[in-house]
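Please view the sequence and the structure first, then read the notes by topic.

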Amino acid sequence: MKIVIDGCAVATMDGDRAEHAVGHVVVDGARIASVAAGPAPRDVDATYVDGRGCLATPGLVNTHHHLYQWLTRGSAVDETLFDWLTTLYPVWAGLDEDLLRVGATGALVQLARTGCTTTMDHHYVFPADGGDLLGAEIEAARALGLRFLPTRGSMDLGRSKGGLPPDEAVEELDAILAATAEAIDRHHDPSPDSLLRLGVAPCSPFSVTGDLLEQSAALARDKGVRLHTHLAETTDEDEFCREKFGSGPVEYLESLGWLGPDVWFAHGIHFDDKGIAALASSGSGVAHCPSSNARLGAGICRTRDLWDAGVPVGLGVDGAASNEAASLVEEVRHSVLFARAVGGPQALTVRAGLELATLGGARVLGWDDQIGSLEAGKLADVALWRVDTAAHAGIADPVAALVLGTPPPLELLLVQGRPVVRHDAMVDVDEERLAVDVRAASETLARRAVGS
Ligand SMILES: [Zn+2]
């Protein structure tokens, strides 16, 4: 099937960062056939999309999330990270595959509606009787048609061993490694056209053992998949690492074999210069989550310093329990505003913000050979934003309308050449029905916590 988007502004994010004030994008099947300035050639076999008044960008890439948290939005709204976690761990302990399927669908729909075509998920809550949790969220992403990189997360450092999570929320090391290997063998698709890749993601230095970190890295490398964890999110974590391991978070992970081009860390707010240099020389990436970091008052990531050092940086919404909006396009605006609030007006350009959300995110996920820019030969993940409604009409620069303006409606969102959003609504989801299901699932989860 051929789709031609004609008459739109285009921000390609290609090697030259080319932009066209009026241009077109031709999609043939799963891939982009051409992107250029001016009107599209006529093709009787193609479906034409009138792109006038719109801006085409690469689909946005989300590099950090916890989909299950869609069911626990709006709790512990004024707490620090550690207090927020200790409030929510007992609620999350009631999760099962049916609840997760609904919560993941809610979170994925919000991502798609805000321009996301590829998302990772970091899932680390595996209650003993929860069923096939990873399978449930994979099913949800497949049903919507999004490109997905779920990571098999884990926690094995319960409170009785000096960790933060309650003992009933953690698993045994051997069971974690076996389940992780099994999930990769069952689901991971390394092919170029893949819509589903897996990763390995122990939760954080304060909820997993050094043994688990080390063995997870070995397993991921053996299987050829990527490695992820939370790092340097709060000063509490920094103190925890120094007290328990005698070093800061980056040195601690480095000592366990955790730096490399196959690794990315969520947050990375409290890196020192030495830490940033270590990330740069090893090629390790960072998922910057500005809204969540501000919501928890954790601080502001040193985006500009990471960028200057050559560290791959992408954007993430993080779990919706610490970012109730979970809107990926808004993270672009926040990344630019926050960088400038601390670093001055030149700290991050509007175009750099969009780059973090597209090509930057693709690099962080190790997927930039296939996605992250609008170029002939790449997979057809395209966002077409309406920038001619009352909220945006007359803005001189369409990229500024997208990045600095209110989130624009999506005229069309293509993943692998297939429409997922059309006229600002999901193509394959009854969103009213979904809202009813999400409310019921959230109430069930809350009730379980009270009951236990
Ligand atoms: Zn997180």
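Helices, with at least four residues, and strands, with at least two, are DSSP runs numbered from the N terminus. The model described here is predicted. Its protein chain has 14 helices and 17 strands. The radius of gyration is 21 Å, close to the 22 Å that the globule rule gives for 452 residues, so the chain is as compact as a globular protein of that length.

**Overall form and surface**

- Taken along the principal axes, the box filled by the C-alpha atoms of the protein chain is roughly 65 × 45 × 40 Å.
- Of the 452 residues in the protein chain, 61% are buried.
- Among contacts between residues at least 6 apart in sequence, 73% join residues at least 24 apart.
- The accessible surface of the protein chain is about 16,300 Å², and carbon and sulfur atoms account for 51% of that area.

- L410 belongs to strand 15, which covers residues 410-415.
- L410 has a relative accessibility of 1% and therefore counts as buried, given that buried means under 20% relative accessible area.
- Beyond its neighbours within four places in sequence, L410 is in contact with residues including A112, R113, T114 and G115, as well as W385 and H423.
- A separation of 399 residues in sequence lies between L410 and A11, yet their C-alpha atoms are 15 Å apart in space.
- L95 sits in the loop between helix 1 (81-92) and helix 2 (97-113).
- L95 is also buried, with a relative accessible area of 2%.
- Leaving aside neighbours within four places in sequence, the contacts of L95 include Y68, L71, H123, P127 and L445.
- L95 and F126 are 31 residues apart in sequence, and 7.8 Å separates their C-alpha atoms.

**Aromatic pairs**

- A pair of aromatic rings is described by the distance of the centres and the angle of the planes.
- With ring centres required to lie within 6.5 Å, the count comes to 10 aromatic pairs.
- The rings of W84 and W92 have centres 5.6 Å apart and planes at 75°, so this pair is edge-to-face, the cut-off for that class being over 60 degrees.
- W84 is buried at a relative accessible area of 3%, and W92 counts as buried at 1% relative accessibility.
- In the pair F245 and Y252, the ring centres are 3.7 Å apart and the planes lie at 5°, so the pair is stacked.
- F245 is partly exposed, with a relative accessible area of 28%, whereas Y252 is buried at 7%.
- Ring pairs also join Y68, W84, Y89, W92 and Y124 into a cluster.

**Positive phi angles in loops**

- Most residues other than glycine have a negative phi.
- R17, a residue other than glycine, has a positive phi near 55°.
- R17 is located in the loop between strand 1 (2-11) and strand 2 (19-28), and at 34% relative accessibility R17 counts as partly exposed.
- A326 is not a glycine either, and its phi is positive at about 45°.

Key:
Residues numbered from 1 in each chain as written. Predicted model: local features only at pLDDT ≥ 70, side-chain atom pairs only at ≥ 80, totals over all residues. Heavy atoms only, no water. Rg over C-alpha atoms; globule rule 2.2 N^0.38 Å. Buried < 20%, exposed > 50% of the residue type's maximum accessible area, 1.4 Å probe, protein only. Contact = heavy atoms within 4.5 Å. Areas by Shrake-Rupley, 256 points an atom, 1.4 Å probe, with all protein chains shown as cover. Phe/Tyr/Trp six-rings, centres within 6.5 Å; stacked < 30°, edge-to-face > 60°.
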